[in-house]
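Here is a short briefing on helix packing, nonpolar cores and a few loop residues. Please look over the sequence and structure before reading on.

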Amino acid sequence: MSQDDTPRVLSIQSHVVHGYVGNKSAVFPLQVLGFEVDSINTVQFSTHTAYKHIKGYVLNNDQMKELVEGLVLNEVDYYTHFLTGYSRSPDSLREIAKIIKQLREKNPNLIYVCDPVMGDNGKMYVPEEILPVYRDVLVPLADILTPNQFEAELITGIPMKDLDGALRVIQTLHDMGVKTVVLSSTDLGDEENMIGLASTGGSCYKIPIPKVEATFTGTGDLFAALFLAWSHLTGNDVKLALEKTIATLQSIVVDTYQTARASHLTGKIPPRFTELRLVQNKTVIEDPKIKLKAVKIN
């Protein structure tokens, strides 16, 4: 058992030496919000893949197994939450499924937050063999699922052309066993806003997400970590957790954009200037000011 009431997260995601994606995007906000976080890095790269040169290596299955075995042998394998993100191989996802079942033997109430990282804007950036493992193995184990629109469409096989389509996708994911479904971003808004959706216990909420004229990496990883945190801290109040998550994310993205744009007045901003400004927004992470309200839609 845990020595105190501090929530404890095991996060299995990517890692970069420079910048903020995967565990680098998730661990700091969780710690700031009062969570103990242990992390296993599925890859260790110099930077994320939007940079010109990528160096680094991938954690293989035996290495992941060995790390978890060490946790078990030392009896430090009690967690309240389990968070997963980017993983490149179907075998590593199957190994993650084994780890979930193992951790639930220690804590049957373990909450699994699954960010099924596969792609965005109609393109997959992981091998296609990943999809059936997410769909058939990991998604049914998840308590909270945080796909973007493209990933939700891939998992369910249902297109999301309007809000009714989104609700069909969400219900299908509930039917697969997921208690709380959160669509981190959809194109169902207008020219100025994307739409985020969160559904649990028969209630579904939508929230506008203002668009920013730049591409950011690590926002999905940050979203999943923040939603995990605020779900716990609000006693599973999905509406408030969604509002707090979007308030934090939006503040960080806007600040990052404005800071980058100040040194690049026109044209595309290079990736090293659009790394999320997490440290500079520590107080925002701790106490986000809600400006955008979620509205119940069913």
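The points below cover helix pairs, cores and loops in turn. The model is a predicted one.

**Helix α3 with α4**
- The crossing of α3 and α4 is right-handed.
- From α3, the contact is made by Pro90, Leu93, Arg94, Ile96, Ala97 and Ile100. From α4, Ile130, Val133, Tyr134, Val137 and Leu138 take part.
- By class, this contact of α3 with α4 has 10 nonpolar residues, one charged residue and no polar ones.

**Helix α2 with α3**
- The crossing of α2 and α3 is right-handed.
- On the α2 side, the contact residues are Asn61, Met64, Lys65, Val68 and Val72. On the α3 side, they are Asp91, Ser92, Glu95, Ile96, Ile99 and Gln102.
- The residues of this contact of α2 with α3 divide into five nonpolar, three polar and three charged.

**Helix α7 with α8**
- Helices α7 and α8 pack at an angle of about 140 degrees, and their axes are 9 Å apart.
- α7 passes α8 in a right-handed crossing.
- α7 brings Thr219, Leu222, Phe223, Leu226, Phe227, Trp230 and Ser231 to the contact. Among the α8 residues in the contact are Val238, Ala241, Leu242, Lys244 and Thr245. Ile246, Thr248, Leu249, Ile252 and Val253 of α8 also take part.
- By class, the contact of α7 with α8 has 12 nonpolar, four polar and one charged residues.

**Nonpolar cores**
- The largest nonpolar core has 48 residues. Those with the most contacts inside it are Leu10, Phe82, Ile96, Tyr112 and Leu138.
- Leaving aside residues up to four places away in sequence, Ile96 touches Ile12, Met64, Phe82, Thr84, Tyr112 and Leu138.
- Another core, of 40 residues, lies apart from the largest one. Its members include Val37, Val182, Phe227 and Ala241.

**A buried loop proline**
- Pro147 lies in the loop between β8 (144-145) and α5 (149-156).
- Pro147 counts as buried because its relative accessibility is 0%.
- Leaving aside residues up to four places away in sequence, Pro147 touches Pro116, Ala152, Val182, Leu183 and Ser184.
- Pro147 and Val182 are 35 residues apart along the chain, yet their C-alpha atoms are separated by 6.8 Å.

**Positive phi in two loop asparagines**
- Asn121 is found in the loop between β6 (119-120) and β7 (123-124). Its phi is positive, about 50 degrees, although Asn121 is not a glycine.
- With a relative accessible area of 68%, Asn121 is exposed.
- Asn236 lies in the loop between α7 (219-233) and α8 (238-263). Its phi is near 65 degrees, a positive value in a residue other than glycine.
- Asn236 is exposed, with a relative accessible area of 54%.

Key: Residues numbered from 1 in each chain as written. Predicted model: local features only at pLDDT ≥ 70, side-chain atom pairs only at ≥ 80, totals over all residues. Heavy atoms only, no water. Left-handed = near helix turned anticlockwise from the far one by under 90°. Helix = DSSP H or I, 4+ residues; strand = E, 2+ residues; numbered from the N terminus. Contact = heavy atoms within 4.5 Å. Nonpolar A, V, L, I, M, F, W, Y, C, P; charged D, E, K, R; others polar. Core = buried A, V, L, I, M, F, W, Y, C linked by side-chain atoms within 4.5 Å. Buried < 20%, exposed > 50% of the residue type's maximum accessible area, 1.4 Å probe, protein only. Axes fitted to C-alpha atoms, helices over the stretch in contact; angles between N-to-C directions.
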